[in-house]
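Student: Hey, could we go through this structure together? I'd like to start with a pair of residues that face each other.

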Amino acid sequence: MEQELKHTCLHGLHCGLNAKMAPFAGYDMPIEYTGLDAEHAAVRTRAGLFDVSHMGEIYISGKDAVKFVDHIFTNYAAPMKPGQVLYGMMTYETGGTVDDLLVYRLGEESFLLVVNASNLEKDYAWIRDCADGFDVDIRDYSADCGQLALQGPDSEKVLKNVLGIDASGLSFYTFTVLDGNVIVSRTGYTGEDGFEIYADPGKIVQMWNELMEYGIQPCGLGCRDTLRFEAGLPLYGDELAEDITPIEAGLGMFVKLDKPGGFIGCEALAKQKAEGPHRKLIGLEIDSPATARHGFEVLDMDGATVGHITTGYNSLTLGTNIAMALVDARYAPLGSKLQVKIRRKLAPATVIKKRFYVPQYKK
């Protein structure tokens, strides 16, 4: 029996805009409204608005909150000040990835963890299982929290002109808490300057309507994927997974192997880093009009399989056929020549930097 799809607080409004809807992470979510190209371009050149209320929000508080977050998180939370955000991963003892997430420090003994919607139940159970011996309170507030992502070079101006929120004082990966427990952070998943807003569902609906009346482009999950891919940002299930480590994915800068007390998976990741990973995530430029999709084989010039595509698109911003792939580390150096099997044909490919588009964040 198929499980009934969940709805975000904005679901009815998406349907009213005739959005193309599809299942994602157990939710009926908008994939596109006016078209992928237009929505992608709006974020790159002006501003676009996403409903990301399907994301998971887990609060951790208590006397041992700092120690516990550092126990489960690859980055280093203890030096954070309230108002700061960190990106990192949770990993298994094997070094494989539980999830990638954002950690917000709310207070001296309280944190907000924002996790992927597809992993919420797994993450929440795993976090609770890891809490033995720690004096912490762990709560899943996802059902009571909506989230908007306003992204693009005009987003700061729009935030002030439409919602009356002056975010000019926020630097990248910082946040503020407004009256009514509204969190506004200078974060995002598009490679552009932008903001993510957390509030109760009623407030989220109100903000969405005000932004729609102003004429902001609503954006679906389709362009969310093309935008994050161009900026070299990973998607769990593609570039990260239970059998793909942060070291293999090239995310070692978010793995603090020397932090006091380590973290779950630290030993395995330290060993992998010291020995060098057998696989690496790379960028590819592909000489083919056809797009390489997730799972397509990557081969060396002798025809032996050396890896697979994790994400591929004909870049809407760059106009080139590009992909990310997880391959044998011997084939990862820039300039290496490889082949991608697309519809039974072999397309020539060259290894390039996997950050295809230079992010335009406000530092």
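Tutor: Gladly, and please keep in mind that this is a predicted model.

Student: What holds paired strands together in general?

Tutor: Strands of a sheet pair through backbone hydrogen bonds, and the pairing may be either parallel or antiparallel.

Student: What's the strand order in the open sheet?

Tutor: The open sheet has five strands in the order 5-6-7-4-8, with antiparallel pairing. Its edges are strand 5 (85-91) and strand 8 (137-140), each of which pairs on one side only. From one strand to the next, the twist averages 25°.

Student: Switching to the hairpin, which two strands make it, and how many residues sit between them?

Tutor: The hairpin is made of strand 1 and strand 2, with two residues between the strands, and Ala25 takes a positive phi near 55° in this hairpin. Strand 1 (residues 20-24) and strand 2 (residues 27-32) run antiparallel and are joined by five bridges. Within this pairing, Pro23 stands opposite Asp28 in strand 2.

Student: New topic: what's the volume of the largest pocket?

Tutor: The largest pocket has a volume of about 1200 Å³. It is lined by 43 residues, and those nearest its centre are Tyr87, Asp100, Tyr189, Leu233 and Pro234.

Student: Which element gives the largest share of that lining?

Tutor: That is helix 7, which contributes five residues to the lining of the largest pocket. Helix 7 spans 221-230, and it, strand 6 (97-107) and strand 12 (194-199) each supply at least two residues of this lining.

Student: And how many of the lining residues are nonpolar, polar or charged?

Tutor: The lining of the largest pocket divides into 27 nonpolar residues, eight polar ones and eight charged ones.

Student: What about the second largest pocket, what volume does that have?

Tutor: The second largest pocket has a volume of about 490 Å³. Its lining consists of 26 residues, with Lys6, Tyr27, His54, Leu120 and Ser142 the closest to its centre. Helix 4, residues 120-129, gives the largest share of this lining with three residues. By kind, the lining of the second largest pocket holds 12 nonpolar, nine polar and five charged residues.

How values were computed: Residues numbered from 1 in each chain as written. Predicted model: local features only at pLDDT ≥ 70, side-chain atom pairs only at ≥ 80, totals over all residues. Heavy atoms only, no water. Pairing = 2+ DSSP bridges. Helix = DSSP H or I, 4+ residues; strand = E, 2+ residues; numbered from the N terminus. Axes fitted to C-alpha atoms, helices over the stretch in contact; angles between N-to-C directions. 1 Å grid on protein atoms, 1.4 Å probe; cavity = no way out; pocket = protein on both sides within 12 Å on 5 of 7 lines; lining within 4 Å. Points joined across faces, edges and corners; volume = space filled by probe spheres on them. Nonpolar A, V, L, I, M, F, W, Y, C, P; charged D, E, K, R; others polar.
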